[in-house]
Amino acid sequence: MSFHLSAQDARIEHRDGKTWLLASLQREDGEWQHAEFNLDTIIGNNDGHFQWGGQDFTGSAQNITFDPKEGADDQPILRAELQDCSGEWHARDVNLTEIVENINGQFQPSKSTCRPDNTVV
C-alpha cells in the first residue's frame with residue numbers, strides 16, 4: 001500500500017549526508033510504529049534527474065524539501081535541486097508514492113518502477 005495513506009507525521013531528516021524518510025506507519029493489526037527509511041538507498045541522480053534504483057542522490061543535491069501532503073490529492077512530494085554532469089542545477093521533484101510503500105508498518109521500496117531507464121524526473 002502507498003505509505004502516505006497509512007502514515008502520520010511523515011517528514012525527512014538529513015543525517016550523515018543522507019536523506020531519511022520518517023513516519024509513524026500503521027501495521028496490519030491497526031497499531032502504529034515508528035519507521036525510518038534511507039532514501040539514498042533507492043534514489044540516485046542521473047544527470048540532474050531523480051533516478052529510481054540509483055543511490056546517493058543527496059550527494060549531488062541541494063535545497064532538499066519534503067511536503068507530505070501536497071496538492072488536492074495530498075501527495076508526498078520530495079523536491080531538490082539536482083546537479084547535472086556539466087555542473088548546472090535543476091529543480092526536480094518526485095512523488096514518493098511511486099517508489100515507497102508501507103508493508104505492515106515498515107517502509108519498503110515499491111515494486112512498480114517508472115521508465116525503462118529508471119529515471120523518475
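Helices (H or I, at least four residues) and strands (E, at least two) are taken here as DSSP runs, numbered from the N terminus. On that basis, the protein chain turns out to have zero helices and ten strands. Going along the sequence, the pattern reads β-β-β-β-β-β-β-β-β-β. This is a predicted model, so a few ground rules apply: local features need pLDDT of at least 70, side-chain atom pairs count only at pLDDT 80 or more, and totals for chains, interfaces and linings use all residues. Residues are numbered from 1 along each chain as its sequence is written, and side-chain values use heavy atoms, with hydrogens and water left out.

Next comes the overall build. The C-alpha trace of the protein chain spans about 50 × 30 × 30 Å along its principal axes. The radius of gyration (taken over C-alpha atoms) can be set against a globule rule of 2.2 Å times the number of residues to the power 0.38. For 121 residues, a compact globule would come out near 14 Å, and the protein chain, at 14 Å, agrees with that. As for cover, buried means under 20% relative accessible area, exposed means over 50%, and partly exposed is in between (1.4 Å probe, protein chains only). By these cut-offs, 42% of the 121 residues count as buried. Contact means heavy atoms within 4.5 Å. Among contacts in the protein chain with a separation of 6 or more, 41% are between residues 24 or more positions apart.

Trp-89 is partly exposed, its relative accessible area being 34%. Apart from its neighbours within four places in sequence, Trp-89 touches Ser-60, Ala-61 and Gln-62, as well as Glu-81, Leu-82 and Gln-83. Ser-2, by contrast, lies 87 residues away from Trp-89 in sequence and 30 Å away in space, C-alpha to C-alpha.

Then there are the charges. Lys and Arg count as positive and Asp and Glu as negative, while His and the chain ends are not counted. The protein chain carries 9 positive and 21 negative side chains, and the centres of the two sets lie 2 Å apart, with each charge placed at NZ of Lys, CZ of Arg, CG of Asp or CD of Glu. Side chains of opposite charge can pair when their charged atoms come close. A salt bridge is a side-chain nitrogen of Lys or Arg within 4 Å of a carboxyl oxygen of Asp or Glu, and the structure holds seven of them.

One of these salt bridges joins Arg-15 to Glu-36, with the closest N and O atoms 3.1 Å apart. The pair links distant parts of the chain, 21 residues apart: Arg-15 is in strand 1 (residues 7–15) and Glu-36 in strand 3 (residues 32–38). Arg-15 is partly exposed at 26% relative accessible area, and Glu-36 is partly exposed at 35%. Another salt bridge pairs Asp-29 with Arg-27, at 3.0 Å between the closest N and O atoms. Here Asp-29 is exposed at 53%, whereas Arg-27 is partly exposed at 25%. Glu-70 and Arg-79 also meet in a salt bridge, at 2.4 Å from N to O. Both ends are partly exposed, Glu-70 at 24% and Arg-79 at 31%. Finally, salt bridges that share partners tie Glu-13, Arg-15 and Glu-36 into one network.
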